[in-house]
Amino acid sequence: MEHQCHWTEVENIFLPREATIVRVEQPTATEKHFTLKMKDGRPMEFEPGQIVELGLFGYGEIPLGFASSPTRTESFDIVVRSVGRVSKAVNRLAAGDTVHVRGPLGHGFDLAQLRGHDVLIVAGGIGLCPTRSLIQYILDRRDEFERFVLFYGTREPCLQLFHSDLACWREAEDVEYFETVDVADPTWTGNVGVITTLFPKVELTPETRAVICGPPIFYRFVVRELDQIGIPRENIFVDLERRMKCGVGKCGHCQINDKYVCVDGPVFSFADVQDLEEAF
Amino acid sequence: MAESFIRNEDFAVFVGALIEALPVYAPVAKRSRFVFERLEAPEELRLDYDVTILPPKKLFFPPAQDLIRFDEAGARAALEPTEKVLFGVHFYDVKAIDQTDLLFSERNFDVNYMAHRQTTTIVASNIQTVSQRAFFASVGTGVQPTGHDAFLTAVAGGYVFETRTERGEALLKFGAFQPATDAQIEEAARVNATALEQCAEKLEQGTEAIATKVRDAFGDDELWSDLATDCFSCGSCNTVCPTCYCFDVQDTWNVDQTSGQRTRYWDACLTEDFAKVSLGEGATENFRETRGARFRHRIMRKAVYLNPKLGGPACVGCGRCSAACTADIADPVRVINRILAS
């Protein structure tokens, strides 16, 4: 084979960049919301929906969706749920600590397909994190989009993320925000029921572009609702989660049939993945 | 480039001179089987080997390879590639190296593989003994090996040495080579053709028919579940495969507890937790939960998924998986021929 370049001139795709934690919030018992700033002064340039590998030396790396919009260039946000060795170690960190990041990785939301259209975002649980990047983007560039409807569902009220955002969206005029919980607690006065119970609350047109991100079980039921509205499958975009190690299309863990979620996704048009048996 | 000839009595001197000049990795005996190892002396070289336990990819993609090293000052690359010769590679393994070359260099160029690859001169050699489980003659016949720098074929009285690149040419100075005669070149071609006639196992149809029929069988859950009934999910078929390149990445600390490394290790898609994620609070989701789904994934990877990229199947017919499988269910020939017959 032809070897175009010599190895010493090539960037090592596994070499991370340093970032400083500038702010930490704890929205739920198991999740922390970090704001990071690149140490080298070169901002992280990404698209909503793309992935970053968050690393802590001695522990490893975890793939996360950017949880803030690239329109806000000073810093970027991520949310980490304590589930494994790396995430638990990361969630013990505080403002001022250093982490190592690689990214942006993968293929985010195709904004050109969303611009000029009504947009519906349906987020479930921690699925609000990668979609928050798009939500902020739309709100920051509101003129580029038509109607904007946002559904957010969690199992219980105590699992809601981004409390100040939610408070803001509930009052906002530029987003039609609806929320639900599967199981209420005494403080909850809103809608109770699974995410699909929000659909009767709003009239949507078949021209709407829909974005879905949630737990694996979520997609089938939400797509059924979108089918009823008459939204074509190619205008439905899903943001998928998989086990992922390298983030650069090599290690094989995130494959869905012949697709690598880390480079072909994590955002796919539903039409492209609906027939892949391992997708949902 | 050109064909040269070296006499049997000069061959050991040539190999000895190579060993003096550079690290040489070549097939050597290990009890009753063979492995690619650093050659210490010419007499260790066993060009009559049938197949090695592990494929030569381990030179570029070692079972454990540090990707970065870190300490309090930060991280740096862990690459220290050195010039070396990989000697005596059968053509099916060269085809596999061609594939991993492409897969590690496309889209995101992986210097951790490519640096080792680019510092290696590959000398292929003819197959003197055909392994019992090999089927290289009937798989991906439209794809020829291209990654070797020279090709060595045993003929009467010595070896024909075909150089294909400058790296290959550069080896000529180490031995008493003379131009090969037309008769020797013809004999070498005959010798290589003969090896192809000796495979005991054979795929019944060509690459495209196989790809279509195997893909069509995707939804036949009963078939896959039946094929994988005896699967131990051990991943041996992956471990010995020359075209498998999946890996896991783990960090480890050094004893000082401040420095350490991020290392990739061979991984195997047949193992139970390969596609398993944690959802938190003890809940998990396994995207290939059943043995059948994992078994199917491997066969799809070998016969279907990568074909457009590679121009042929991601299987080279070495038969290592067939021999390594404890339950003897991994053999691609049996699996694919069964699907073709159904």
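Predicted model: local features only at pLDDT ≥ 70, side-chain atom pairs only at ≥ 80, totals over all residues.
What share of the contacts in chain A with a separation of 6 or more comes from residues 24 or more positions apart? Such residues account for 70% of these contacts.

**Chain A as a whole**

- Chain A contains seven helices and 15 strands.
- The radius of gyration of chain A is 19 Å, close to the 19 Å that the globule rule gives for 280 residues, so the chain is as compact as a globular protein of that length.
- Taken along the principal axes, the box filled by the C-alpha atoms of chain A is roughly 60 × 45 × 35 Å.
- Buried residues make up 48% of the 280 residues of chain A.

**A six-stranded sheet in chain A**

- An open sheet of chain A is formed by six strands in the order S4-S3-S6-S1-S2-S5, with antiparallel pairing.
- Strand S4 (60-65) and strand S5 (76-81) of chain A stand at the edges; each has a single partner strand, so one side of each is left without a neighbour in the sheet.
- On average, and with direction ignored, neighbouring strands of this sheet are turned by 40 degrees against each other.
- Strand S3 (residues 51-56) of chain A runs antiparallel to S4(A) and is joined to it by six bridges.
- A:Leu54 has A:Ile62 in S4(A) as its bridge partner.
- In general, the strands of a sheet pair through backbone hydrogen bonds, either parallel or antiparallel.

**A:Cys168**

- Helix H4 (residues 163-171) of chain A holds A:Cys168.
- With 13 other C-beta atoms within 10 Å, A:Cys168 is partly exposed.
- Between A:Cys168 and A:Asp40 there are 128 residues of sequence separation, and their C-alpha atoms are 33 Å apart in space.

**Contact between chains A and B**

- Chain A gives 38 residues to the contact and chain B gives 45 residues.
- The side of chain A that touches chain B comprises 16 nonpolar, eleven polar and eleven charged residues.

**Two helices of chain B**

- Helix H6 (residues 207-216) and helix H9 (residues 291-305) of chain B have axes that come within 9 Å and cross at roughly 140 degrees.
- The crossing of H6(B) with H9(B) is left-handed.
- On H6(B), the residues in this contact are B:Ile210, B:Ala211, B:Val214 and B:Arg215; on H9(B), they are B:Ile299, B:Met300, B:Ala303 and B:Val304.
- By class, the residues of the contact of H6(B) with H9(B) are seven nonpolar, no polar and one charged.

Note on methods: Residues numbered from 1 in each chain as written. Chains lettered and ligands numbered in written order. Axes fitted to C-alpha atoms, helices over the stretch in contact; angles between N-to-C directions. Helix = DSSP H or I, 4+ residues; strand = E, 2+ residues; numbered from the N terminus. Left-handed = near helix turned anticlockwise from the far one by under 90°. Contact = placed C-beta atoms within 7 Å. Nonpolar A, V, L, I, M, F, W, Y, C, P; charged D, E, K, R; others polar. Pairing = 2+ DSSP bridges. Buried ≥ 20, exposed ≤ 12 C-beta atoms within 10 Å, placed from the backbone. Rg over C-alpha atoms; globule rule 2.2 N^0.38 Å.
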